[in-house]
Amino acid sequence: MGLLAIFCVTRIRMSKETIKIFVGCDPNNCDLEQMMVLDYSIHKHTQQPVEITWMQLSSDANSPWYSNATTDEGWHTEKWATPFSGFRWAIPELCNFEGRAIYMDTDVIVLCDINELWSHPMDDKAIVIAKGGSSTARLCTSVWDCSKAQQYLPTLKQMRADPTGHKKLMQLIKEKPQLVQPYQDSYNNIDGENLAIEEIKVLHYSDMGTQFSHKYALPRLQATSQEHWFDGTIMPHPRQDLTELFDQYYQEALSAGYLLENYVVEPYGSFSKATQINYHGNKVTRSTAESSWLANTLKAIKSKFSKKPNFTLDD
């Protein structure tokens, strides 16, 4: 049976399943606008049943996202770029190592039927479908084969106890790129990437400094004397059409009965993570001229003479 035939059979079978989506988000209600827009965008384009699990740090010892820095229990987040960076690796175990599961960051707008991604074909050697190729992999929007992933992942207990666990597993992907099945389409489009909106399947407004939701979230948080977890510089997104797209979906969600308060949780409180004070965004949203000339020159020289392939990963 050819790959196309296998894909068609797989898609028909999976179209009857409930699509499991795990979303990494802030535990202190900073991401409510992002959560609402993502939730609405998924259901706007998808008829199939969808089950969303919001992955947020929790003070509940019975939660899989439990973390207590005082007692040194649960997840250790101090080396993560976000409050949820390492959670993606726990998804296969939480699905009992059965079936598939989609992982997404919360700063995403879905612009297609999510079943397209859910039923994407996967090589026998791969354990996850993600954006990438021979020199890069971005797991921030991905599809896990939970059964196949089991042999490569530590247990949930081991991951939670290891502050460097996230980094180690990213290194695993770097050393074994065959574990990643690249997308066939734009299911993790980073901040537009010069594509028209009509060509984008899943928009990931990844640059934390230019996220569309800031104009709603920051005033809301300031009104109650709260601070956003992102501590870097905030600036406008370079694409006005994408800014307007977020605003459109935000208003559509409210008109459809979605409410920010539906996503509110008991705030977790302070947590340890890496700072973004020196965060420089990505090449799509920030021109290379904004970067240090010396840093860019040294990076280019190092890349030219390095014997190892320059393989890059997301955070």
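1. The model is predicted. The points that follow should be read with that in mind.

2. The sheet is open and has 3 strands, in the order β6-β11-β10, with mixed pairing. Its edge strands are β6 (108-110) and β10 (189-190), each of which pairs on one side only. Between β6 and β11 (residues 202-204) there are 3 bridges, and these two strands run antiparallel. Within this pairing, V110 stands opposite V202 in β11.

3. Which helix lies across β6 and β11? Helix α9 does, and it runs at about 70 degrees to β6.

4. Helix α8 covers residues 214-222, and its buried residues are H214, Y216, A217, L218 and L221. These buried residues pack against α2 (32-45) and α9 (240-255). A search of the whole structure finds 8 salt bridges. One of them joins E252 and K44, whose closest N and O atoms are 2.9 Å apart. This pair links distant parts of the chain, since E252 is in helix α9 and K44 in helix α2, 208 residues apart. E252 counts as partly exposed because its relative accessibility is 23%, and K44 likewise counts as partly exposed, at 33%. The limits that apply here are under 20% for buried and over 50% for exposed, with partly exposed in between.

5. A further salt bridge is formed by the side chains of K201 and E116, at 3.0 Å from N to O. K201 lies in the loop between β10 and β11, and E116 lies in helix α4 (residues 115-118), so the pair ties together parts that are 85 residues apart in sequence. E116 is buried, because its relative accessible area is 18%.

6. How far apart are the closest N and O atoms of D207 and R286? They are 2.7 Å apart, and the two residues form a salt bridge. D207 is in the loop between β11 and α8, whereas R286 is in the loop between α9 and α10 (293-305); the pair links distant parts of the chain, 79 residues apart. Both partners are buried: D207 has a relative accessible area of 0%, and R286 has one of 8%.

Note on methods: Residues numbered from 1 in each chain as written. Predicted model: local features only at pLDDT ≥ 70, side-chain atom pairs only at ≥ 80, totals over all residues. Heavy atoms only, no water. Buried < 20%, exposed > 50% of the residue type's maximum accessible area, 1.4 Å probe, protein only. Helix = DSSP H or I, 4+ residues; strand = E, 2+ residues; numbered from the N terminus. Contact = heavy atoms within 4.5 Å. Pairing = 2+ DSSP bridges. Axes fitted to C-alpha atoms, helices over the stretch in contact; angles between N-to-C directions. Salt bridge = Lys/Arg side-chain N within 4 Å of Asp/Glu carboxyl O.
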